[in-house]
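Dear colleague,

Please find below the structure that I am handing over to you.

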Amino acid sequence: MSLVLEHVAHAFGDRVVLQDVSLGVGAGEIVCLLGPSGCGKTTLLRIAAGLERLQAGRILIGGRVVAGPDVHVPPEERGVGLLFQDYALFPHLNVRENVLFGLTRLAPSERAERMTQALAQAGLAGYEEAYPHTLSGGQQQRVALARALAPRPRLLLLDEPFSDLDSRLRDQVRDDTLHTLQRAGISTLMVTHDAEEAMFMGERIALLREDGRIAQSGRPADLYLSPASGFVASFLGEVNRLPGRVERGSVGTPFGPLAAPDLPEGTRVEVLIRPEALLLERWADDADAPEGRGRARVTAARMLGRTSMVHLSVPGPNGATLHIHARVPGQFLPKEDEVVAVTLDSTRTFVFRAESAA
Ligand code: ATP
């Protein structure tokens, strides 16, 4: 069932937390609401669920207006499943009873069937009699997910559902959750402040800025590879920042010129370079610069597992030295002080006006 938020705005007293937020979640789609701490993500989720009263805009679930200027459908009639960061499992109830809790309106035989199905879906068959405190954090999360899915909600709203898990367990639980949601085919809006998590889980991402406006929404690749602003580029992943100025339609960098056809002559810019956009090759220090490449001096190199991180220093404007990071696939560990040739992958390099690159 689809969810549509239209021009939602919200304030707590004088403090404006959401401004003109519009976004949609298609039937069976997983959308992530991403943003820095305090930008209003939880508030938006609570408004969609009906736990917070809508102040401006409209909310539709499955094409029906559930909140608008004269409409407020109560939370229990919106057919929405909720899963919050703390899971809110009942400690005195076992897994079976926790999952049955949300199914009180059904006939006993149907309750039992739904419970069994939800536990199987969440990979918890056999844990019916266990109490929450005897389960790992990951298993508790799965019980909470099973409880949210058991009533077969039309829409699932997840608020930072993995943030209480340690990082290794989190990867596994995220993966399990993604597949559970896909199997259930349920429309999901998930809040997170972690860009990698949003890209892992979401078919689409809506990124909120600190002022409660949407900075950009689209597929993860759109935000990562075609960011609308410096904020989007740096929120989605690490970037190296180099100052520059537009001269005759391009910006000079230590690795060659970059086209900036849409910016007026003389504009002060920031060049944002993803670490994986710096393609490195070993190079004898005294050789001439190969065509179209720059050179950089290695200050450190470390193997990070799948990639190597190479720290480089390059000459910047006015005699300054810039420190930049390159991320290279596999093992590439030049020595400190070695000079490397650098080619820039312009598809992962962005030029923004200096004032909008923050
Ligand atoms: P986080 O990632 O830190 O949870 P968030 O993006 O989910 O943040 P919200 O929890 O929606 O942000 O809060 C947005 C802002 O509104 C914050 O400044 C918060 O302090 C404020 N806020 C939230 N709920 C209330 C409330 N009931 N009364 C007053 N202010 C509130």
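How many Å separate a polar side-chain atom of Ser37 from an oxygen atom of the ligand? The distance is 2.7 Å.

Before the remaining findings, a word on the basis of the values. The model is predicted, so that local features need pLDDT of at least 70 and side-chain atom pairs count only at pLDDT 80 or more, while totals for chains, interfaces and linings use all residues. Residues are numbered from 1 along each chain as its sequence is written, and side-chain values use heavy atoms, with hydrogens and water left out.

Ligand site

Two further residues place polar atoms by the ligand. A polar side-chain atom of Thr42 lies 2.7 Å from a ligand oxygen atom, and a backbone N or O atom of Gly40 lies 3.0 Å from an oxygen atom of the ligand. Taken alone, the ligand exposes 630 Å², of which the protein buries 57% (accessible areas by the Shrake-Rupley method with a 1.4 Å probe; for residues, only the protein chains shown count as cover).

The shell around the ligand (residues with a heavy atom within 4 Å of it) includes Phe12, Arg15, Val17, Lys41 and Glu160. Its residues divide into four nonpolar, five polar and three charged (Ala, Val, Leu, Ile, Met, Phe, Trp, Tyr, Cys and Pro count as nonpolar, Asp, Glu, Lys and Arg as charged, and the others, Gly among them, as polar). Helix α1 gives the most to this shell, with three residues (helices are DSSP runs of H or I with at least four residues, strands runs of E with at least two, numbered from the N terminus).

Nonpolar cores

The largest nonpolar core has 45 residues (a set of buried Ala, Val, Leu, Ile, Met, Phe, Trp, Tyr and Cys residues joined through side-chain atoms within 4.5 Å; buried means under 20% relative accessible area, with a 1.4 Å probe and protein chains only). Helix α4, residues 137-149, gives the most to this core, with six residues. A second, separate core of 29 residues includes Leu18, Ile47, Ala49 and Val66.

Leu181 is one of the residues with the most contacts inside the largest core. Beyond its neighbours within four places in sequence, Leu181 is in contact (heavy atoms within 4.5 Å) with residues including Ile30, Leu156 and Met201.

Thr180

Thr180 lies in helix α5, residues 167-184, and is buried, with a relative accessible area of 3%. A polar atom of the Thr180 side chain lies 3.4 Å from the backbone oxygen of Gln121.

Yours sincerely

How values were computed: Buried < 20%, exposed > 50% of the residue type's maximum accessible area, 1.4 Å probe, protein only. Polar contact = N/O pair within 3.5 Å; in protein donor to acceptor, adjacent residues only side chain to side chain.
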